[in-house]
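Student: I have a new structure to read and would like to go through it by asking questions. Please show it.

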Amino acid sequence: MIWQLDLLILTLVVLCGIGAIMIRDLLGAAILFGAYSFMMCLLWAIMGAVDVAFTEASVGAGVSTVFFIAAVYHTTRRTKD
Amino acid sequence: MEAVLNLIIEKYNYWIYITLMMIGLYAMIAKNNLVKKIVGMNIFQTAVILFYVSTGVKKGATIPIIEHGHDVAHQAVRAADYINPLPHVLMLTAIVVSVATLGVALAIAIKVYHRYQTLEEDEILEQIREL
């Protein structure tokens with residue numbers, strides 16, 4: 001585990017997480033959540049959990065983002081907070 | 001003082017997991033929009049999974065695939081050379097469960113939207129009170 005890369009990606013994960021809940025647009029929140037999931041996948045690849053990283057890349061960053069975008073498409077992008 | 005500082009620096013990854021967990025908890029409790037609450041729930045879940053996976057990491061170890069797999073009977077397998085794969089396997093299940101809960105939660109959010117024409121919690125509660 002390379003600690004510089006680990007720290008950098010952990011910072012990006014926190015930033016993406018804060019961005020995903022702060023942005024005032026649900027489509028933007030869905031995209032930022034996809035970025036968050038992908039950063040999480042990189043973090044697991046760094047930690048040597050390659051099987052978990054594969055699953056997260058396909059299921060977390062792929063399917064979850066598609067679910068969120070489908071839900072936003074069926075409802076509304078508007079949000080107050 | 002120095003001991004406390006060392007604790008913070010050595011365990012920086014654990015502090016960031018706690019931060020992520022609290023971001024998720026804040027979103028679930030304080031946010032007004034249902035989809036934001038669901039995003040918060042997912043952030044909380046991934047933070048817990050991240051904590052469990054990080055407990056399996058060892059210094060100087062490689063990924064949990066046995067070297068010389070074909071003639072493994074002649075050589076002893078040293079567990080210290082491999083990252084602990086048990087948390088990985090458990091968390092693989094947790095990721096699949098988290099996607100299932102996400103699907104159900106979003107389906108319920110879509111149903112709620114079709115009934116009340118809004119995703120905001122306070123507007124939904126107002127409409128329920130008026131009925």
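Contacts and pairs

Tutor: Begin with one residue: B:D81 has a relative accessible area of 31%, so B:D81 is partly exposed. Keep in mind that this is a predicted model.

Student: Which residues are linked with A:K80 in a network of salt bridges?

Tutor: The side chain of A:K80 meets that of B:D122 at 3.2 Å, N to O. A:K80 lies in the segment after α3 of chain A and B:D122 in helix α5 (residues 121–130) of chain B, so this pair joins two chains. A:K80 also forms a salt bridge with B:E123, at 3.3 Å from N to O. The residues linked with A:K80 in the network are B:D122 and B:E123.

Student: What is the accessibility class of A:K80, B:D122 and B:E123?

Tutor: The relative accessibility is 37% for A:K80 and 35% for B:D122. For B:E123 the relative accessible area is 25%. Buried means under 20% and exposed over 50%, so A:K80, B:D122 and B:E123 count as partly exposed.

Student: How much area is buried between chain A and chain B?

Tutor: The contact takes 41 residues from chain A and 43 residues from chain B. In chain A, the residues that lose the most area to chain B are A:I21, A:M47 and A:F68, together 17% of what that side buries. Carbon and sulfur atoms give 76% of the area buried between the two chains, which is about 3800 Å².

Student: Which helix gives the most to the side of chain A that touches chain B?

Tutor: There are 9 residue pairs in polar contact across the interface of chain A and chain B. On the side of chain A, α1 (3–22), α2 (26–46) and α3 (50–74) each supply at least two residues. By class, that side has 27 nonpolar, 8 polar and 6 charged residues. With 12 residues, the helix that gives the most is α3(A).

Student: Why is the pair of A:F33 and A:F68 edge-to-face?

Tutor: Over all chains there are 5 aromatic pairs. In the pair of A:F33 and A:F68, the ring centres are 5.3 Å apart. A:F33 is in helix α2 and A:F68 in helix α3 of chain A, 35 residues apart. Planes over 60 degrees apart count as edge-to-face, and here the planes are at 65°.

Student: Are A:F33 and A:F68 buried or exposed?

Tutor: The cut-off for buried is under 20% relative accessible area. A:F33 has a relative accessibility of 1%, and for A:F68 the value is also 1%. So A:F33 and A:F68 count as buried.

Student: Which residues form one aromatic cluster with B:F51?

Tutor: B:F51 and B:Y52 are an edge-to-face pair, 5.6 Å centre to centre, with 80° between the planes. B:F51 is partly exposed at 31% relative accessible area, and B:Y52 is partly exposed at 39% relative accessibility. The residues in one aromatic cluster with B:F51 are B:Y14, B:Y17 and B:Y52.

Definitions and conventions:
Residues numbered from 1 in each chain as written. Chains lettered and ligands numbered in written order. Predicted model: local features only at pLDDT ≥ 70, side-chain atom pairs only at ≥ 80, totals over all residues. Heavy atoms only, no water. Contact = heavy atoms within 4.5 Å. Buried area = accessible area lost by both parts, 1.4 Å probe. Salt bridge = Lys/Arg side-chain N within 4 Å of Asp/Glu carboxyl O. Polar contact = N/O pair within 3.5 Å; in protein donor to acceptor, adjacent residues only side chain to side chain. Helix = DSSP H or I, 4+ residues; strand = E, 2+ residues; numbered from the N terminus. Nonpolar A, V, L, I, M, F, W, Y, C, P; charged D, E, K, R; others polar. Phe/Tyr/Trp six-rings, centres within 6.5 Å; stacked < 30°, edge-to-face > 60°. Buried < 20%, exposed > 50% of the residue type's maximum accessible area, 1.4 Å probe, protein only.
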